[in-house]
Amino acid sequence: MQPVLEIHLPDDFALWPVTDFEPYTFLRLGGGMEMTEVGTAVAQIAFTNAVAPEDDTSPPPSDPYGAFLHTLLTSEHLIAAGGLRVHDADTGVTVLPGCCDGLEEWREWHRVFDGDGFVGFGHDPSPTAERRGDTVRLTVDAWQEDSPAIDLPVTELRHLLTDVERDLTAFLALATSWTAHHMPAQAATVTAALARCLDVRAPGMP
């Protein structure tokens with residue numbers, strides 16, 4: 001189970017170095033990322049949130065960095081396109097993130113064992129996670145007859161989600177170093193916004 005961002009940056013993005021990705025492919029977040037990949041992730045999260053909410057009356061800064069980061073730093077509700085990707089090496093089945101449950105909502109997976117036992121992640125395809133006794137079934141597309149699926153023990157899902165939090169925390173540590181180098185004036189606020197978006201604690205937070 002890996003936390004991933006869906007990458008779809010504009011071709012002319014030039015505020016800082018980013019990695020060349022095919023549009024709408026996934027970038028894994030974790031502690032082993034290259035710095036250009038960290039910059040790509042920061043850029044993607046900021047770009048995804050670049051449309052200011054209608055009730056935002058504050059004028060964006062005039063400098064390019066400030067204008068690009070404005071909504072990331074001021075919006076109450078942030079999103080991160082992507083989610084959790086799950087791969088079963090034994091069967092070759094991969095469950096990809098859906099369209100309606102982004103990485104900012106990764107903790108929704110806990111509902112499988114702490115809530116109503118079911119989470120749906122989007123449509124066309126429609127990946128789902130459903131508890132069946134002591135087992136969790138992850139279905140690639142719930143609307144497809146005989147859809148490929150991954151079955152795993154509930155206890156294993158708990159461990160996987162703990163690993164996801166570890167990966168996101170490790171990414172945030174890298175992002176803290178990256179922002180300090182590339183945008184020292186906004187480093188603290190950008191890191192705090194990323195932590196809020198990904199629902200993990202920023203370095204130094206209690």
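## Surface charge

Patches are made of residues with over 30% relative accessible area and no salt bridge, where like charges are joined within 9 Å and nonpolar side chains (Val, Leu, Ile, Met, Phe, Trp, Tyr) within 5 Å. Lys and Arg count as positive and Asp and Glu as negative, while His and the chain ends are not counted. The place of a charge is NZ of Lys, CZ of Arg, CG of Asp or CD of Glu. Accessible areas come from the Shrake-Rupley method with a 1.4 Å probe, and for residues only the protein chains shown count as cover. The model is predicted, with local features needing pLDDT of at least 70 and side-chain atom pairs counted only at pLDDT 80 or more, whereas totals for chains, interfaces and linings use all residues. Residues are numbered from 1 along each chain as its sequence is written, and side-chain values use heavy atoms, with hydrogens and water left out.

On the surface, Asp11, Asp12, Asp20 and Glu22 gather in a patch of negative charge. Glu22 sits in the loop between β1 (2–7) and β2 (25–28); helices (H or I, at least four residues) and strands (E, at least two) are DSSP runs, numbered from the N terminus. With a relative accessible area of 59%, Glu22 is exposed; the cut-offs are under 20% for buried, over 50% for exposed and in between for partly exposed (1.4 Å probe, protein chains only).

## Aromatic pairs

A pair of aromatic rings is described by the distance of the centres and the angle of the planes. Rings of Phe, Tyr and Trp (its six-membered ring) pair if their centres lie within 6.5 Å, and planes under 30 degrees apart count as stacked, over 60 as edge-to-face and the rest as tilted. This rule gives six aromatic pairs. In one of them, the ring centres of Phe13 and Phe68 are 5.3 Å apart and the planes stand at 50°, so the pair is tilted. Phe13 belongs to the loop between β1 and β2 and Phe68 to helix α2 (residues 64–74), so this contact ties together parts that are 55 residues apart in sequence. Phe13 and Phe68 are buried.

Trp16 and Trp178 make an edge-to-face pair, with 5.1 Å centre to centre and 70° between the planes. Because Trp16 lies in the loop between β1 and β2 and Trp178 in helix α4 (residues 154–182), the pair ties together parts that are 162 residues apart in sequence. Trp16 and Trp178 are both buried. One aromatic cluster takes in Phe13, Trp16, Tyr65, Phe68 and Trp178.

## Salt bridges

Side chains of opposite charge can pair when their charged atoms come close. With a salt bridge taken as a side-chain nitrogen of Lys or Arg within 4 Å of a carboxyl oxygen of Asp or Glu, the structure holds 10 salt bridges. One of them joins Arg28 and Asp167 at 3.8 Å, N to O. Arg28 is in strand β2 and Asp167 in helix α4, so the pair ties together parts that are 139 residues apart in sequence. Arg28 is partly exposed, with a relative accessible area of 41%, whereas Asp167 is buried at 8%. Asp167 also has a C-alpha 6.2 Å from that of Gly31, although Gly31 and Asp167 are 136 residues apart in sequence. Gly31 is in the loop between β2 and α1 (35–48) and is partly exposed, with a relative accessible area of 47%.

Arg107 and Asp199 form a salt bridge whose closest N and O atoms are 3.1 Å apart. Arg107 is in the loop between β4 (94–95) and α3 (111–114) and Asp199 in the segment after α5 (187–198), and this pair links distant parts of the chain, 92 residues apart. The side chains of Arg111 and Glu108 meet at 2.8 Å, N to O, in another salt bridge. Arg111 is partly exposed at 31% relative accessibility, and Glu108 is partly exposed at 28%. Elsewhere, salt bridges that share partners join Arg28, Asp163, Arg166 and Asp167 into one network.

## Backbone geometry

Most residues other than glycine have a negative phi, and most peptide bonds are trans. The peptide bond between Asp124 and Pro125 is cis, with omega about 0°. Pro125 is in the loop between β5 (118–120) and β6 (128–132). Asp124, which is not a glycine, has a positive phi of about 50°, and at 73% relative accessibility Asp124 counts as exposed.

Asp199 also has a positive phi, near 60°, in a residue other than glycine. At 35% relative accessibility, Asp199 counts as partly exposed.
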